[in-house]
Amino acid sequence: MDWTASLQGLVGGVLIGLSATWLMATLGRIAGISGIVGNLITQRPKGDSAWRVAFLLGLISGPLLLMALGGGLGNVAEIPGEVIGAPVGDVGLMLVAGLLVGVGTGLGSGCTSGHGVCGLARLAPRSMAATGMFLLTALVTVYISRHLLGLGGVQ
Amino acid sequence: MNSSMSQSNKSNWMKTAAGYAAGLLFGIGLAVSGMTDPARVVGFLDVAGAWDPTLMFVLGGAVITTFVGYRLVFKRTAPLLGGVFQLPTKRELDAKLLGGAALFGIGWGLSGYCPGPAIASIGGLSLPLLAMLVTMVLGWFVAKRLA
């Protein structure tokens, strides 16, 4: 097992948790990306958009800041220290995946951050159910695509 | 009048700054943990292959930190910058929640991207990622129509 990768995962996870805590402490909001950004784009809520835009810009600039600092602080699997990894699918696959992620997180009121991090931390039954469900279908999808259909190459 | 006006401007500015700080910290967390690499995410989901445990540490670290953090935050009656704590009030496990989560999981498994890492990876822009971001936004509009 790659302990450095795991340790970086833990450190990054704690930072994500601090971000979620900070957002609740200051603005009283759940740090759910699909909710923050999705509602910004589809609803443009009056008087409730500025912090969403700022959050979005912060989210994009975080990895850029790490890249600018240098020093190999990222955790890409095949390239140690690299900050942003390459997509694993071609354009066609990603078009389908994006639609499923958008529709799914929209209907399901949340994604890995809103349900998976903030919801589980609140011990919310809806988030536990949603997280169990999307983990299950993701595991099954990867099994079918990689081991039965031979997509995604690596194995 | 003037002073209350500038007071409210100052408060808006602080809310925006707090939002930026949260996003920045979140983006750094995703990048440090390796979640901006979809291969790591798919590696975690590939339990029948060369399993990559990284995501487990990320989710574990994030949930435990947030669990403790929220406990401290909720000792207050309101957020530091005003307003109220806006928490979901729905309780029922309906078809929309479970069906939506199921669809999301399929897209997540296919691409290795959930919304946070997909957006945080914009700086390393590639055509497949751009394609995904476009249909993800389209999907949010579709979901709003269906809801």
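The model shown here is predicted, so local features need pLDDT of at least 70 and side-chain atom pairs count only at pLDDT 80 or more, while totals for chains, interfaces and linings use all residues. Residues are numbered from 1 along each chain as its sequence is written, and chains are lettered from A and ligands numbered from 1 in the order in which they are written.

**View 1. H2(A) meets H6(B).** Two packed helices are described by the angle between their axes and the distance between the axes. Here, the angle between H2(A) and H6(B) is about 75 degrees, and their axes are 10 Å apart. These axes are lines fitted to C-alpha atoms, for helices over the stretch in contact, with angles running from 0 to 180 degrees between N-to-C directions. H2(A) and H6(B) are therefore roughly perpendicular to each other. On the H2(A) side, look for Gly38(A), Ile41(A) and Thr42(A); H6(B) brings Val137(B), Trp140(B), Phe141(B) and Lys144(B). Two residues are in contact if their C-beta atoms, placed from the backbone, lie within 7 Å. Sorted by class, this contact has 4 nonpolar, 2 polar and 1 charged residues. (Ala, Val, Leu, Ile, Met, Phe, Trp, Tyr, Cys and Pro count as nonpolar, Asp, Glu, Lys and Arg as charged, and the others, Gly among them, as polar.)

**View 2. Chain A, helix after helix.** Chain A has 6 helices and 0 strands, giving the pattern α-α-α-α-α-α along the sequence. Helices (H or I, at least four residues) and strands (E, at least two) are DSSP runs, numbered from the N terminus. The C-alpha trace of chain A spans about 50 × 40 × 30 Å along its principal axes. Of the 155 residues in chain A, 57% are buried. A residue is buried if 20 or more other C-beta atoms lie within 10 Å of its own, exposed if 12 or fewer, and partly exposed in between, with C-beta atoms placed from the backbone.

**View 3. H4(A) under cover.** H4(A) covers residues 91-107, and at 1.5 Å a residue its 17 residues should span 24 Å; the end C-alpha atoms are 24 Å apart, which agrees. (The expected span is 1.5 Å times one less than the number of residues.) Because 12 of its 17 residues are buried, H4(A) is largely enclosed by the rest of the structure. Among the buried ones are Met94(A), Leu99(A), Val103(A) and Leu107(A). The cover includes H2 (33-43) from chain A, plus H4 (95-111), H5 (115-120) and H6 (127-146) from chain B. Just after H4(A), check out Ser109(A), which takes a positive phi of about 55 degrees.

**View 4. Where chain A touches chain B.** This contact takes 110 residues from chain A and 109 residues from chain B. On the chain A side, H1(A) gives the largest share, 22 residues. That side divides into 67 nonpolar, 36 polar and 7 charged residues.

**View 5. Two domains of chain B.** Domain 1 (1-87) and domain 2 (89-147) come from the domain assignment of chain B, which is an automatic or database one. Their C-alpha centres lie 18 Å apart. Here 12 residues of domain 1 are in contact with 9 residues of domain 2. On the domain 1 side, H2(B) supplies the largest share, 5 residues.

Terms used:
Parallel < 35°, antiparallel > 145°, perpendicular 65-115°, else oblique.
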